[in-house]
Amino acid sequence: MARTPQIVGQSPLRKEGKAKVLGRAQYVDDITLPNMWFGATVRSTIPRGRITSIKFDPAIPWHEFTIVSAADIPGENTIVHLAKDHPCLAVTHVNHVEEPILLLAHPDRAVLPAAVAAVHIAYEELPAIYTIEESEKKEHIIWGEGETANTFKTYLMQKNQTPIPDEIWQEADFIVEGEYRTGAQEQLYIENNGVIAEYDPESGVTVRGSMQCPFYLVHALTLVFNLPAEKCRVIQTETGGAFGGKEDFPSVIGSHAALLAMKSGHPVKLCYDRAEDMAATTKRHPSRTRHRTAVSKDGKLLAGEIDFAIDGGAYATLSPVVLSRGTIHAPGPYLWPHITVRAKAMATNIPPHGAFRGFGAPQSIFALERHMDKIAKTVGLTPEELRRRNLLSTGDRTATNQLLSDPVDMQHLLTKALRDSNYHAKRRQFDHENPTSTIKRGIGFATFFHGAGFTGSGERRLNSLVEIELTPEGQPRILVSSTEFGQGTNTILCQIAAQTLHLPYDQILIAQPDTTHVPNSGPTVASRTAMIVGKLVERAAQSLRNTLLASSHLSDNYSTQDFRRAALRFLAQHGPLKAEARYESPGNIFWDDETYSGEAYPAYAWAVYVAEVAVDTTTYAATVTSFHALQEVGKVLHPILATGQIEGGIAQAIGYALYEKCLWRNGHLTNNQMTNYIMPTSADLPPIHVTFEETPSPHGAFGAKGIGELPMDGPAPAILNAIEHATNIAFNEIPLLPEDIFERMTATPDSGTEDLNPAIAGPVFSEATA
Amino acid sequence: MKRLLDVLREDLQLTGAKEGCGEGECGACAVLMNGDLVNSCLIPALQVEGARITTIEGLAIDEKLHPIQQCFLEEGGAQCGICTPGMILATHHLLEKHTQPTLLQIQEGLNGNLCRCTGYMRIFEAVQQASLVGTAK
Amino acid sequence: MRSNATQYDLIAPNSLDAVLQILADSPDRYTPIAGGTELMVALGAGRLQSKKLVSLWNLDELRFIEVAPDAIIIGAGSTFTDIRKHPIIAEEFSILAEAASWTGSVANQNRGTLGGNIVNASPAADSPPVLLAYDARLTLISIRGTRTLPYRDFHLAYKETTLELDEILHSITISRNLIGYKPYIRKVGTRNAQAISKVAIAALARMNDAYIEDIRIGAASLREYPTRLTAAEQSLVGKTITPATIAAARAAVLTEARPIDDIRSTAKYRATVAANLLEEFLHTLE
């Protein structure tokens with residue numbers, strides 16, 4: 001009699017881990033197909049204008065090349081995301097630097113850089129805009145018209161759909177205002193974007209490559225090629241990091257490679273190098289948030305007005321969805337009697353921004369958690385006490401009027417986090433030591449939540465499907481379009497199936513996402529894989545188990561061998577067996593897109609993050625010296641993977657707060673090199689202490705909620721709160737670099753990072769170079 | 001002229017070394033040259049003449065994982081895996097020099113290998129485990 | 001703008017004489033390349049104009065560290081790892097070993113050479129401030145012979161040195177007469193490792209009781225090439241360390257520093273931080 005060992009909640013070896021440590025994992029640039037050519041992209045060098053001529057330098061033997069322009073597109077010249085404003089290839093106008101205009105292919109990769117440089121394009125330049133403020137002014141309209149001039153999307157979110165009564169403002173003891181800004185951030189996956197495409201007039205397009213959402217690319221290809229989905233095959237190769245940067249962008253690079261394959265008659269590999277990837281692909285949306293808050297003298301939030309604006313770049317891409325998540329997270333984990341959020345996504349002549357872990361929430365949560373510390377200071381309460389008087393609790397309603405029926409105990413989480421990090425003692429210690437030290441130390445925290453899954457009715461629209469089949473050898477194999485890119489998709493889905501099927505983890509297989517073989521289980525985004533897809537895997541596994549049990553080849557308490565035998569017998573008798581499960585919307589989730597109210601997410605993860613910092617007054621550099629991350633996440637499916645997710649997210653968020661600055665000049669990213677875009681190394685990160693609490697959610701597999709994006713939300717405000725404690729200076733913009741601290745601390749004008757001169761790349765190259 | 005990285009990947013089909021940046025910053029292309037950790041994207045192939053090169057493919061003996069590889073696997077030191085070959089070779093290089101490295105020595109030894117996924121904590125665990133297993137050989 | 005390595009030619013003669021002959025025969029066509037940690041980056045970015053390269057890597061005539069009774073002579077082809085490992089350098093020239101330890105990553109230290117660091121003439125390079133503080137001398141070599149000059153006289157303008165087209169840097173000589181000097185070095189970069197310097201100070205001071213008998217201060221990224229802060233030095237020699245002398249030294253730094261705003265940092269930040277670093281050093285001498 002077999003007893004099911006606990007697999008969920010343990011840390012079995014990463015499913016594809018052995019290949020990775022052996023160096024055998026096949027990333028797209030490791031793959032060579034017979035007769036394969038290589039592709040390159042000719043891009044705009046100006047931020048906005050009309051193309052007046054394209055000349056091909058006769059020094060290049062152009063007859064050896066395949067050249068693709070928009071005229072070669074069989075279907076629509078569009079990369080579809082939500083709108084169709086994004087051209088696949090520019091025709092007459094360009095709206096951002098690096099906008100793709102032509103594509104080249106050649107059998108020899110080495111000749112492509114010179115060829116790209118030999119395409120001479122002349123433009124008539126038009127005025128370009130680069131900031132939210134310039135876009136709002138509407139002096140130059142670069143997108144849309146009339147109501148939508150320069151505006152990709154707006155939202156109005158008002159609690160109970162009623163404006164805030166004037167009396168609230170008039171009678172409030174305090175009105176606290178603040179403005180907070182966040183900069184762009186590059187995902188900086190260590191594997192650049194890349195694909196290999198093939199084209200066959202009969203069978204259609206095949207694209208394999210580095211990506212998060214194979215079916216997004218299928219959809220994009222159907223429009224570009226005017227082909228049905230069955231003739232657009234997409235295969236995800238081992239992907240070296242994504243973080244959102246390979247959510248929508250593969251639709252661009254995949255379509256490009258496929259066009260080259262079509263015209264050249266060869267498979268075409270199109271892989272970017274670092275400089276091109278950084279300059280031309282999506283980044284995190286910059287943001288500006290304005291808070292106006294009415295507060296009672298007891299520190300109760302009475303009403304809040306939040307203006308939340310993000311910079312979407314030149315085309316809409318995913319801006320409406322980023323805006324949505326940022327809007328819903330803007331009020332945070334607090335009880336607001338009244339709240340109005342006005343949100344907008346604006347257009348600028350910068351390469352379009354896109355998805356990056358957190359997806360709008362890190363932006364609005366940064367603003368909120370900085371603002372809460374400001375409110376505390378204004379009212380005369382500690383940051384902790386202000387939170388305690390306003391945190392949501394079980395049975396409360398959120399800003400969208402969602403009833404929190406699942407248990408939530410932020411008071412407890414706050415107590416535990418502050419105790420684990422020794423917050424109060426450290427605060428006193430630093431207050432005592434700072435006056436006589438050149439190193440100013442501080443400690444600060446952030447309280448926040450993150451909704452798992454697509455917003456509101458999004459999951460219903462996705463209508464995800466999961467299948468589990470029996471292989472000819474009688475093993476269960478999971479079929480999903482959910483992709484692995486380091487976060488552990490393969491591992492946790494196999495754990496869930498193993499646990500449900502009462503089989504060892506090693507017995508479970510998971511297929512490489514190939515859209516001809518796997519169903520559409522939705523994109524691998526939005527912290528939905530463990531919760532939504534995991535639940536479907538659990539149900540499909542249950543269905544498979546039930547089928548075999550019902551077939552009478554198998555009885556309860558079977559062993560692994562029993563299962564294998566029964567499976568083989570079933571296959572011999574009945575043929576292939578594939579169990580499936582389709583998303584079922586929980587009956588009590590209602591979301592109204594019109595009023596922006598209701599159940600925004602089926603579940604939330606809740607967290608308190610505490611950051612300890614040191615600000616060196618000799619160099620004005622702030623470093624994080626210790627970090628405590630406490631979160632309630634439903635069920636920890638795999639402790640090592642989950643911890644790794646939190647640690648990795650915190651590292652990225654530390655970069656977001658203190659190191660990673662995108663330096664734009666006239667719409668060009670001037671620091672598109674790893675030398676000049678500063679990501680934390682192993683020497684820059686503090687010890688990170690991760691603790692989980694578990695309050696199982698009814699929605700996710702084995703109670704799991706999502707965790708992928710959560711760790712991106714809390715660190716930046718916690719760090720800046722700590723820096724304010726250390727220096728008594730309120731910094732409200734990230735990234736916060738030493739030059740910015742220097743400027744404020746010494747009151748020296750024109751010395752902060754606004755005064756960097758990106759035109760001077762400085763001493764990277766030698767005398768022998770340009 | 002060819003870069004050592006291209007010779008490895010294209011001429012010898014040893015694709016374990018990866019090109020992450022082409023400027024010697026990320027360490028994904030790292031290999032051992034006469035036992036020294038180097039970034040192969042910055043090395044003209046001709047300068048390698050007479051040298052002994054060890055790539056990730058040279059670490060495991062037959063199908064048996066090197067202890068460092070095993071520790072990375074067990075401690076969650078590899079997430080997306082693209083930095084992993086270089087990171088493992090850097091670890092090997094470190095443990096040859098310091099068999100029981102302190103955390104500071106680990107941080108320094110790996111400071112040329114960028115990982116965007118892990119935040120380095122699990123990697124440090126893996127290195128410390130590997131040093132306990134005694135992996136100088 | 002990018003390029004591919006296959007568009008370049010590299011030759012690797014196996015002796016220094018052969019290299020010098022090639023440079024003499026076609027001085028403006030071959031660029032010497034040692035470890036390549038700088039030139040290969042430029043190549044990849046499409047910024048290496050010369051398409052012909054001649055390798056200096058691992059030539060015995062250049063890769064050596066010789067200890068004489070009164071000086072140490074470091075071959076220009078010595079890597080930063082060679083320098084870090086050398087016991088005499090670690091003991092007597094600690095700030096050189098330190099500078100080597102934070103030049104790039106471990107992998108880049110295994111390939112980057114002291115000669116390359118000097119000849120590339122970056123104002124932000126890590127070793128030059130140390131060499132200036134040590135009053136190092138350079139030996140240059142060509143087919144015509146050798147010549148020696150103080151390192152202080154090597155840089156003429158931004159990325160312009162006294163090196164002739166057919167010359168390469170042969171070695172760096174540092175006298176072993178700095179017993180009793182207190183060292184200081186600090187680099188301020190964009191992060192803790194693998195960072196190009198925003199500003200750096202390397203200094204040595206000899207005290208006589210409470211008086212500064214001699215002080216040398218080398219700096220990176222304060223001028224268009226690595227420099228000695230001579231005004232600050234002059235304001236300190238013969239003085240004791242008081243708030244007044246510190247203030248005067250700071251003021252001197254601010255007059256002679258002419259840093260720029262670039263992609264990494266701002267002029268005012270660099271100048272003030274340089275003064276802060278000097279003050280930090282002076283406090284250790286109290």
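Me: How many Å apart do the C-alpha centres of domain 2 of chain A and domain 3 of chain A lie?
Reply: In this predicted model, local features need pLDDT of at least 70, side-chain atom pairs count only at pLDDT 80 or more, and totals for chains, interfaces and linings use all residues. Residues are numbered from 1 along each chain as its sequence is written, while chains are lettered from A and ligands numbered from 1 in the order in which they are written. Domain 2 of chain A covers 31-126 + 193-271 and domain 3 of chain A covers 287-455 + 596-754, with bounds from an automatic or database domain assignment. The distance between their C-alpha centres is 37 Å.

Me: How many residues does the contact take from domain 3 of chain A?
Reply: Two residues are in contact if their C-beta atoms, placed from the backbone, lie within 7 Å. Domain 2 of chain A gives 17 residues to this contact, and domain 3 of chain A gives 19 residues.

Me: Which helix supplies the largest share of the side of chain A that touches chain C?
Reply: Here 40 residues of chain A are in contact with 43 residues of chain C. Helices (H or I, at least four residues) and strands (E, at least two) are DSSP runs, numbered from the N terminus. At least two residues of that side come from each of α2 (112-117) and α20 (738-745) of chain A. The largest share, three residues, belongs to α20(A).

Me: What is the mean pLDDT of chain C?
Reply: The predictor's confidence in each residue is given by pLDDT, from 0 to 100. In chain C, 99% of the residues reach 70 or more, and the mean pLDDT is 95.
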